[in-house]
Amino acid sequence: MKNNLKVQFFGAASTVTGSKYLVEYSGNKLLIDCGLFQGLKELRLLNWQSLPFDVSSLDGVVLSHGHLDHVGYLPLLVKQGFKGTIFATEPTIEIARLILLDSAKIQEEDAERANRFGYSKHSPAKPLYTTAEAEAVFPLFQSEPLDKWIRVSDAFTFRFRYNGHILGATFIELKAAGKLMVFSGDIGRQEDPLLFPTHRPESADILFIESTYGGRLHPSNPEVQLSTIIREAASKHGTIIVPVFAVERAQLLMFYLWKLKQEGLIPDLPVYMDSPMGKSVLQIFSKYHPWHKLAPRELKAILREIKVVSKQQETLQLAANETPKIILAASGMATGGRVLTYFEHYLGQKSATILMVGYQGEGTRGRALLEGTREIKMRGKYWTVNATCTQVEGLSAHADQNELIQWAGGLDKKPEKIFIVHGEPEGALALKDKLKEVYDYDSIIPELNSVYELTE
Ligand SMILES: [Zn+2]
């Protein structure tokens with residue numbers, strides 16, 4: 001029925017990445033988030049496909065936050081003919097710009113390297129999108145404040161609410177066809193050293209809730225765990241490599257490393273951030289003080305502490321320099337990016353430590369290393385793993401099961417429908433069971449591309 005309210009899941013359905021939800025009502029269409037798939041190859045291949053509808057007919061796009069798996073498909077949407085408005089908060093727009101440029105650059109560099117060494121199956125290897133294609137997105141951004149209702153078209157009105165996952169992150173309340181739809185985005189922590197606790201929705205007719213850690217509880221003392229790992233790693237006189245998304249735990253990690261050094265709890269190893277973007281994000285923090293907890297003097301001190309590597313040549317030099325050090329480099333799941341150059345040098349060394357700090361998706365090198373693989377494939381070759389591979393839990397930017405349940409606990413009545421999204425089957429199923437057990441809520445775990453009618 002044309003006049004019914006419908007939703008279709010073009011990503012983050014039975015998986016974590018690729019968030020894209022199409023809401024349709026009475027011929028009007030709105031896209032919530034526009035993310036890239038990461039991880040499993042069968043998912044990544046979907047990034048190369050066009051969306052199966054005329055994207056120029058969209059009323060607009062609304063972004064929950066600036067992470068790649070929520071914004072990374074935008075250049076392709078524009079390439080396919082989208083010319084409308086992309087709504088987001090001001091910090092989200094700044095972060096999205098950095099992320100899109102970085103994503104384009106990584107793809108250009110990877111394609112260039114594959115062509116140089118001839119290891120791509122495609123010849124020539126092409127980037128998914130170029131820097132120019134990423135830049136074509138920017139004129140379409142429109143910033144909106146928190147808590148204010150914004151009218152997109154006759155069919156859709158929405159507002160952003162603070163949810164503390166990264167700087168600028170929100171959940172989205174959308175009114176359409178007389179229904180209140182709530183899209184959780186990625187839900188942050190109740191206690192985070194950098195961000196305030198997430199707000200909670202007071203009501204929802206239709207709820208979309210993320211489930212990245214739907215089946216897990218975060219340990220409460222990541223700082224202690226981090227200092228122990230760093231001390232052990234340093235005692236082997238080796239280098240510590242931390243695959244990290246420039247905008248996920250990079251800033252939190254910079255903060256902790258600075259703090260632990262101040263307190264004398266870890267040795268005074270030099271810390272490098274191999275991505276100008278990681279530092280740029282801290283500079284965005286200094287522009288948006290009401291969004292976070294860091295004092296200006298703390299920000300300045302952290303910025304002084306971290307050495308930034310920006311040119312590829314510097315990466316090669318730093319990788320070849322065997323002095324013990326801590327290197328933060330993207331990407332966070334080691335699916336690509338500069339961290340692979342450090343892996344080439346250090347994976348084979350017994351004295352080196354690879355430290356994972358964020359979520360490691362299915363099919364990623366980060367996950368394989370944590371699961372104890374002794375050999376990984378990178379850039380067309382196999383590499384032996386002798387380094388210690390370990391993880392600090394609890395540094396996550398995502399709510400754990402308890403926090404997700406708390407977040408959903410402020411609703412004034414039972415939602416008509418609940419969709420559990422943005423989780424691998426295990427996390428999604430665990431959250432589904434918990435929502436039933438605690439609140440007697442029934443929920444649906446949608447499949448990729450599935451469509452649901454939301455009104456009779
Ligand atoms: Zn996120």
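Is asparagine 449 buried, partly exposed or exposed, and what is its relative accessible area? In this predicted model, asparagine 449 is partly exposed, with a relative accessible area of 43%. Its position is in the loop between helix H14 (425–439) and strand E21 (451–453). Although asparagine 449 is not a glycine, its phi is positive, at about 75°.

Aspartate 147 likewise has a positive phi, of about 70°, without being a glycine. This aspartate is found in the loop that separates strand E6 (141–143) from strand E7 (150–151). Aspartate 147 is partly exposed, and its relative accessible area is 40%. For context, most residues other than glycine have a negative phi, and most peptide bonds are trans.

A cis peptide bond is present between alanine 330 and serine 331, with omega at about 5°. Serine 331 belongs to the loop between strand E15 (326–329) and helix H11 (339–346).

The model also contains a zinc ion, whose protein donors are His65 through NE2, His67 through ND1, His165 through NE2 and Asp186 through OD. These donors lie 2.2 to 2.3 Å from the zinc ion. Along the sequence, the donor residues follow the spacing H-x1-H-x97-H-x20-D. Histidine 65 and histidine 67 are both buried. The arrangement around the zinc ion is irregular because the four donor atoms subtend angles of 92 to 165°, whereas a tetrahedral assignment would require all angles to lie between 85 and 135 degrees.

Definitions and conventions
Residues numbered from 1 in each chain as written. Predicted model: local features only at pLDDT ≥ 70, side-chain atom pairs only at ≥ 80, totals over all residues. Heavy atoms only, no water. Donors = N, O, S within 2.8 Å, 3.2 Å for Na, K, Ca; no water. Tetrahedral: all angles 85-135°; square planar, octahedral: opposite > 155°, others 65-115°. Buried < 20%, exposed > 50% of the residue type's maximum accessible area, 1.4 Å probe, protein only. Helix = DSSP H or I, 4+ residues; strand = E, 2+ residues; numbered from the N terminus.
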